[in-house]
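Thank you all for coming. I would like to walk through one structure this morning, and I will give the cut-offs as we reach each term.

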Amino acid sequence: MQFFGGSEISPSPPVPTASGNNAHMMYIFNRNGVCLLYREWNRPLRTLNSQQDHKLMFGLLFSLKSLTAKMDPTIAERGNLGVPQLPGQGCSFHSFRTNTYKLSFMETPSGIKFILVTHPRTGDLRESLKYIYNLYVEYVVKSPLYSPGSPIR
């Protein structure tokens, strides 16, 4: 199976890290900020309704992408904060960690954003996110029943 960028991806899922892949939440957004999929497995405290939660998460990603692009030391000309960046343009981030969770992020060239919120000691999840993207392409994008931009059921 081919993953964008030409690297080979195994059809089997990545091996879990030593601390385990304790996923709390998973989001998939399209390039317009529409949440295509949201799942939660271990979220004891709910403070927002799902619409507010999705907007907050997409806004966080937009802000972090904008901030990392603005701080990129390799580009002499800086744009304004908040100006959308094309996928793969400039500096980007893959994850950040707090004392209670780790957020891992991957954006595809088509602008689909995959987010996993896990236990803070979870290792690098880039390969896991690529595997999830592969599943998304095989079972969602290639499905004749799926309408692009609609939520995944």
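Predicted model: local features only at pLDDT ≥ 70, side-chain atom pairs only at ≥ 80, totals over all residues.

Let me begin at a turn: in the hairpin of β1 and β2, where 5 residues sit between the strands, G33 takes a positive phi near 90 degrees. Residues are numbered from 1 along each chain as its sequence is written, and side-chain values use heavy atoms, with hydrogens and water left out.

As for the overall layout, the protein chain has 2 helices and 5 strands, where helices (H or I, at least four residues) and strands (E, at least two) are DSSP runs numbered from the N terminus. Read from the N terminus on, the elements of the protein chain follow the order β-β-α-β-β-β-α. Of the 153 residues of the protein chain, 35% count as buried, and by buried I mean under 20% relative accessible area, with exposed being over 50% and partly exposed in between, for a 1.4 Å probe and protein chains only. If we take contacts (heavy atoms within 4.5 Å) in the protein chain between residues at least 6 apart in sequence, 49% of them join residues at least 24 apart.

Now back to β1, residues 23-29, which is mostly covered, with 6 of its 7 residues buried. Which strands does β1 pair with? Two strands are said to pair if DSSP finds at least two bridges between them. With β2, residues 35-40, β1 runs antiparallel and is joined by 5 bridges, and within that pairing Y27 stands opposite Y38. With β5, residues 113-118, β1 also pairs in the antiparallel sense, over 6 bridges; here M25 stands opposite V117, and F29 stands opposite K113.

Are Y27 and Y38 buried or exposed? Both are buried, Y27 having a relative accessible area of 1%, and F29 is likewise buried, at 0%. Y27, F29, Y38 and F58 form one aromatic cluster.

Next comes β5, where 6 of the 6 residues are buried, so this strand is largely enclosed by the rest of the structure. K113, I115 and V117 point one way from β5, while F114, L116 and T118 point the other way, and all are buried. T118, with a relative accessible area of 2%, is in contact with N22, A23, H24, Y101, K102 and L125, once its neighbours within four places in sequence are left aside.

On a 1 Å grid over the protein atoms alone, a cavity is a set of points where a 1.4 Å probe fits but cannot get out, and lining residues have an atom within 4 Å of a point. Grid points are joined across faces, edges and corners, and a volume is the space filled by probe spheres set on the points. There is 1 cavity of 30 Å³ or more, and about 40 Å³ of space lies in the largest cavity. Which residues line the largest cavity? They are H94, S95, K102, S104, F105, D124, L125, R126 and L129. β4 (102-107) and α2 (126-141) each supply at least two residues of that lining, and β4 gives the most, with 3 residues.

Notes: 1 Å grid on protein atoms, 1.4 Å probe; cavity = no way out; pocket = protein on both sides within 12 Å on 5 of 7 lines; lining within 4 Å. Phe/Tyr/Trp six-rings, centres within 6.5 Å; stacked < 30°, edge-to-face > 60°.
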